[in-house]
Amino acid sequence: MTIRNGFVDSVGNTPLIRITSLSEATGCDILGKAEFMNPGGSVKDRAALWMIREAEKSGALQAGGTVVEGTAGNTGIGIAHVCNSRGYQCIIYMPDNQSQEKVDLLRTLGAEVRVVPTVPYKDEMNYQKQAGRFAATLDNAVWANQFDNTANRLAHYESTGPEIWQQTQGEVAAFTCAVGTGGTLAGVSRFLKEQREDIQIVLADPHGSALYNWVTTGSADMTPGPSITEGIGNSRVTDNLAGTVIDDAVQIPDQEMVDMVYRMLRRDGWFFGSSTGINLCAAVAVAEKLGPGHQVVTMLCDDGSKYQSRLFNPGFMAEKGLRTDAR
Ligand code: PMP
């Protein structure tokens, strides 16, 4: 273990953790990248740091500048932390269907949060489009634009992918994760496929997203939803995702994700968020398809603390018809 130099140097280089119960059940090594150990608490610290670094490199962002983003959660948290550590202002646009916990957290971190009505992406008043327009009116400001700014993907091509390759000593057989912007899956896929083309890349999708159909049929048609998962699924193929080699996709129903998250909590000691639940279900599905003796890697995107009012709230779960009694 070496000493890390401040916040920025503490992003990435996360442990790769063998999930023991799932590994024993499948005969494969189910390995999770512990992204919840990033200093801002999620996988999105990597994207936040790379997008800000690329803006600094291009000269678009200079000392004392402002970073604007449309985000419902972890990306904003990562950006707020990086802005604090580098002396930038942070302005976050967020749709009004998000939990108050997230708004409060971002404000505690010093971000200016603008909550706007929830409207589809195609609407000009969509929170992402508002963020882009507002950034354009400011001097020395950038719109991070996580969905289509490929500095997001580059973060995973330059950090997550190489880390997985080194930590598995090149033995990784498959990588699977869910997609929000696609930065993680695309960056990791691009790096691993360059090392060994036969490493299987599998997209994990919740219901109410178009990406399962996009991978399996070539047409990005929405599947019926909704899903209580947060930060994953998409109705469109982002610039980060486009052109990425993806071998297969699996679709995970919410009840399976819930069973996984509660099983991890009660039997294994882990407190994970919903996207991690989807990822672990997908890793098990991939392992079962490959058969015993393989290494399957996925992402442990964040921990459960941001999901207290939904995934870990018995009243909310009962309202959604989801059981939390899995042993
Ligand atoms: N899990 C969580 C908890 C997230 O916040 C996100 C980002 N929206 C993802 C997974 C998906 O990551 P990516 O944007 O790299 O596809």
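Q: Which residues form one aromatic cluster with Trp270?
A: Phe36 and Phe272. Keep in mind that this is a predicted model.

Q: How many aromatic pairs are there by count?
A: The count comes to 7. In one of them, the ring centres of Phe36 and Phe272 are 5.9 Å apart and the planes sit at 55°, so that pair is tilted.

Q: Where in the chain are Phe36 and Phe272?
A: Phe36 is in the loop between strand 2 and helix 3. Phe272 is in the loop between helix 10 and helix 11. They are 236 residues apart.

Q: Are those two buried or exposed?
A: Both Phe36 and Phe272 are buried.

Q: What about Phe271, which aromatic does it pair with?
A: Phe312, in a tilted pair with 4.8 Å between centres and 55° between planes. Phe271 is in the loop between helix 10 and helix 11, and Phe312 in the loop between strand 10 and helix 12, so the pair ties together parts 41 residues apart in sequence.

Q: Is Phe271 buried or partly exposed?
A: Partly exposed, because its relative accessibility is 29%. Phe312 has 14%, so Phe312 counts as buried.

Q: What else does Phe271 touch?
A: Its contacts include Leu265, Asp303, Ser305 and Gln308. Gly304 is another, with its C-alpha 5.2 Å from that of Phe271.

Q: Switching to helix 3. How many residues?
A: It has 15, residues 44-58. Its buried residues include Leu49, Trp50, Met51 and Ile52.

Q: What covers the buried ones?
A: Helix 4, helix 7 and strand 3 are among the elements that do.

Conventions: Residues are numbered from 1 along each chain as its sequence is written. This is a predicted model: local features need pLDDT of at least 70, side-chain atom pairs count only at pLDDT 80 or more; totals for chains, interfaces and linings use all residues. Side-chain values use heavy atoms; hydrogens and water are left out. Buried means under 20% relative accessible area, exposed over 50%, partly exposed in between (1.4 Å probe, protein chains only). Contact means heavy atoms within 4.5 Å. Helices (H or I, at least four residues) and strands (E, at least two) are DSSP runs, numbered from the N terminus. The expected span of a helix is 1.5 Å times one less than its number of residues. Rings of Phe, Tyr and Trp (its six-membered ring) pair if their centres lie within 6.5 Å; planes under 30 degrees apart count as stacked, over 60 as edge-to-face and the rest as tilted. Lists of a residue's contacts leave out its neighbours within four places in sequence.
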